Amino acid sequence: MKAIVWQGANHVGVETVPDPTLLLPSDAIVRITSTAICGSDLHLLDGVIPSMDRGDILGHEFMGEVVEVGRDVKTLRVGDRVVVPFNIACGVCDPCRRGLFSACDNSNPNHRMAEALYGAVSGGGLFGYSHMYGGYAGGQAQYVRVPFADVGPHKIESDLRDEQVLFLTDIFPTGYQAAENCGIVPGRDVVAVFGAGPVGQFAARSAQMLGAAHVIVIDRVPERLAMAQTAGCQTINYEQDDVLVALREATGGRGPDHVIDAVGMEAHGHGPGALVDTAKQRLKLSFDRITALRWAILSCAKGGTVSMPGVYGGLIDKLPMGAAFAKGLTFKMGQTHTQRHIGPLLGRIEAGEIDPSFVITHRASLDQAPELYKTFRNKHDGCIKVVLDPWA
Amino acid sequence: MPVAERSMVGTLGLALMGAGLRSARPLQKIVLGSVGAGLAAMAATGRNPLATALKIRQTPSGDVLVGDAVTIGVPADELYARWRDLASLPQLMTHLQRVEVLDERRSRWTVSAPTGEVSWEAEITTDEPGQRLGWQSVPGATIDNAGEVQFRPAPGGRGTEVIVHLTYRPPGGTAGAVLARLAGEEPAQQLRDDLMRFKREQELGFAPTTDGQSSGRANAGGSA
Ligand SMILES: [Zn+2]
Ligand SMILES: [Zn+2]
C-alpha cells in the first residue's frame with residue numbers, strides 16, 4: 001500500500017510499504033477513505049519530537065471502512081464505516097474507566113521509553129506519533145491496523161460526508177475539550193484563544209457553543225483570523241498590536257476569564273524570551289517554545305483558567321509563575337480524551353449545530369502530501385487544514 | 001558507587017528481577033538515537049545513569065533493596081494465586097529461566113548466565129493468602145536474596161495495590177562472570193517492567209504490541 005513515511009527531520013515521503021495485518025485478536029484493519037495532516041504532525045516534520053525512526057508511517061486523523069476484524073472484536077463488523085480516535089486506549093484500566101482515555105495505563109508498549117524521556121509515567125499510545133507514544137503505525141496510508149478495536153472506533157451510521165465527521169478523530173474534540181476545560185459560565189465569560197490554527201478554530205467555536213459571552217482569537221496569519229471572524233469572533237493580530245494591551249482593552253482591563261493556548265511547543269513570537277526558547281530548542285536543550293503560554297498566563301483574568309490543548313514535550317522555564325499565583329489561575333491540560341467526546345459531538349453535527357468541514361482549505365492525494373506538509377507548515381497558500389484521499 | 005560495583009548491582013538486578021534483554025534493546029536503540037533530547041531531559045532532571053544507579057537503596061546490613069508498586073483492577077485473591085503459582089513466574093519475570101517447586105515451601109530458581117545457568121534454592125517465609133507472599137534464599141545460595149509481595153485493596157474499588165520489595169547481597173564468585181555482558185541493566189526498571197507486564201496480563205490478557213506492523217523499513221512485517 002501507499003503510505004506517508006517519516007524519513008528524518010524535514011523529510012516525509014510517499015512510499016510503498018507492506019499492507020498491515022492483524023497482530024492481536026483485538027485488532028481491526030481499516031481501509032482509509034479520508035485522512036488529514038494535523039498541526040502536531042508539523043512537530044514531527046520539524047524533528048522536535050524525540051524517538052521517531054526512519055520508516056515510521058505518519059498520521060493520526062483518519063476514517064474509513066472496516067475490512068478485517070480479529071476474533072476477539074465484538075462491536076465492529078466488516079463493512080462498518082468508522083472514525084478512529086487518534087489516541088489508543090484499552091478501555092479497562094482505571095484511567096479508561098474514568099473516561100481519561102488518553103491517560104490509558106496499558107496501550108503503550110513502550111511506556112518505559114516515555115518514562116525515561118519525561119521522567120514520569122507515560123500516557124497511552126498514539127497513532128503515528130513516535131515510539132515513546134507506542135510506535136504505532138499511523139493512518140496517512142491506504143490501510144491501518146487499529147488496536148483495541150472495540151474501544152476506539154466509532155461507527156458513523158448517518159449519511160454525513162467524510163469531511164463532516166473526519167475531524168471527530170482529533171481537532172474537533174481537542175478544541176472542544178479545551179473549551180470545556182475552561183468551565184465557561186454561559187452569558188458571562190470572555191474566552192481568548194491563542195492560535196487560530198485548526199484546533200484554535202474549533203476551540204473558539206466550541207467556546208461559543210458552550211455559551212461564552214465573547215470570544216477573542218489571537219494569531220498573525222490573516223486568513224486564519226478571517227476564518228475566526230466568520231464565526232463572529234473578535235481577532236487580534238499580535239504582529240500589529242501589543243497583545244496584552246489589546247486584551248485588556250477588549251475586556252475592560254480584567255483580561256479574558258479563560259485563555260486557551262492552542263499553539264503549544266512551537267510558538268512563534270518575539271522578545272528575549274522567544275529568542276532564548278528558540279535557541280534552546282535548536283540546541284536540543286529544550287523541546288518547547290512557550291511564548292503563547294506566557295501570554296496566556298499574563299493576560300488571563302483573576303481566578304481564570306489557562307486551558308492548554310497545545311502539545312508540550314518537556315521541561316520549560318521562564319514561566320510567569322508569580323503572575324499565575326497572584327491571580328489564582330487554574331491550569332487544565334493534556335491529550336484529548338477523544339473517545340468520550342465523539343458521540344456527543346457527532347450529535348451536534350447531526351443536529352446541524354456545526355459543520356466541521358469549514359476548516360478545510362486543501363484537498364489532495366497522498367502523493368501530494370509531502371509538498372502539502374511544507375505548505376501547511378509555512379502557512380502558504382492560505383493553508384489551514386489539509387485532507388488527503390489515499391485512493392486519489 | 002564504583003562502576004564495577006554498579007555493574008554488579010545492575011547485573012544481579014537482572015538476574016533477580018529482570019526484564020528481557022529483548023525488550024531492553026528497542027529502548028536503548030531509540031534512546032541512543034535521540035541522544036540529544038534524552039541527555040537534555042536527564043540533565044534537566046538531574047538524572048543521569050550514574051545518578052540513577054546511586055539511588056539504589058541499601059539496607060543497613062549492605063543488602064541492595066529494590067521496591068515498586070502497581071495498581072491492578074483485579075481482586076487480590078486472583079493476583080495472589082497467580083503469584084503463588086511459582087512455576088509460572090518465569091512468564092512474568094522474563095529473566096527467570098525456570099522455577100521448580102520442590103515442596104510446599106521450597107523451590108529452585110534458575111536464571112541463565114553467559115557461564116551457564118545459575119540457580120539457588122529458596123523457601124517461602126510468609127504466606128498469607130490474598131495478602132502477602134515472602135521468600136528467601138536458603139543459606140549457601142549462589143545469590144543471597146529475599147523478596148516479598150504484598151496485595152492490598154485499592155481505595156474506591158480500583159482493584160488491588162501490589163507492592164514488591166526485593167533485597168539481595170552482591171556476591172563475588174560465580175556471578176562475577178555474569179557481570180561483563182549484562183552490565184548496565186537497572187534492577188528498578190526491570191522490576192517496573194515486570195509489574196507492568198503483570199498488570200497487562202491481568203487486566204487485558206495480552207501485551208500490546210507493534211511487533212510485525214508495517215513500516216517503511218526493510219523487513220517490516222505485514223504482507224506486500
Ligand atoms: Zn492531531
Ligand atoms: Zn486503558
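## Cysteines, helix packing and a buried asparagine

A search of the whole structure finds zero disulfides over all chains. The model is a predicted one.

**Cysteines.** A disulfide is a covalent bond between the sulfur atoms of two cysteines. A:Cys182 takes part in no disulfide. Its nearest cysteine sulfur belongs to A:Cys300 and lies 8.3 Å away. A:Cys182 counts as buried, because its relative accessibility is 3%. A:Cys383 is buried as well, with a relative accessible area of 2%. For the sulfur of A:Cys383, the closest cysteine sulfur is in A:Cys38, at 12 Å. That distance is too far for a bond, since a disulfide needs the two sulfur atoms within 2.5 Å.

**Helix pairs.** Two packed helices are described by the angle between their axes and the distance between the axes.

| Helix pair | Angle between axes | Distance between axes |
|---|---|---|
| α8 (243-250) and α10 (291-299), chain A | about 35 degrees | 10 Å |
| α5 (171-180) and α12 (338-350), chain A | about 100 degrees | 10 Å |

Take α8(A) and α10(A) to begin with. α8(A) passes α10(A) in a right-handed crossing. On the α8(A) side, the contact is made by A:Val243, A:Leu244 and A:Leu247. A:Trp295, A:Leu298 and A:Ser299 make it from α10(A). By class, this contact has five nonpolar residues, one polar residue and no charged residues.

Now α5(A) and α12(A). Their angle is about 100 degrees, so the two helices are roughly perpendicular to each other. α5(A) contributes A:Phe172, A:Pro173, A:Tyr176, A:Gln177 and A:Glu180. These meet A:Thr338, A:Arg340, A:His341, A:Leu345, A:Arg348 and A:Ile349 of α12(A). By class, the contact of α5(A) with α12(A) has five nonpolar, three polar and three charged residues.

**A:Asn108.** This residue sits in a loop of chain A, between α2 (94-97) and α3 (111-118). A:Asn108 has a relative accessible area of 0% and is therefore buried. What does A:Asn108 touch, leaving out residues up to four places away in sequence? In chain A, its contacts are A:Ala114, A:Ser122, A:Gly123, A:Gly124, A:Gly125, A:His131, A:Met132, A:Tyr133 and A:Gly134. From chain B, A:Asn108 touches B:Arg200.

Key
Residues are numbered from 1 along each chain as its sequence is written. Chains are lettered from A and ligands numbered from 1 in the order in which they are written. This is a predicted model: local features need pLDDT of at least 70, side-chain atom pairs count only at pLDDT 80 or more; totals for chains, interfaces and linings use all residues. Side-chain values use heavy atoms; hydrogens and water are left out. Helices (H or I, at least four residues) and strands (E, at least two) are DSSP runs, numbered from the N terminus. Buried means under 20% relative accessible area, exposed over 50%, partly exposed in between (1.4 Å probe, protein chains only). Contact means heavy atoms within 4.5 Å. Axes are lines fitted to C-alpha atoms, for helices over the stretch in contact, and angles run from 0 to 180 degrees between N-to-C directions. A crossing is left-handed if the near helix is turned anticlockwise from the far one by less than a right angle, and right-handed if clockwise. Ala, Val, Leu, Ile, Met, Phe, Trp, Tyr, Cys and Pro count as nonpolar, Asp, Glu, Lys and Arg as charged, and the others, Gly among them, as polar. Angles under 35 degrees count as roughly parallel, over 145 as roughly antiparallel, 65 to 115 as roughly perpendicular and the rest as oblique.
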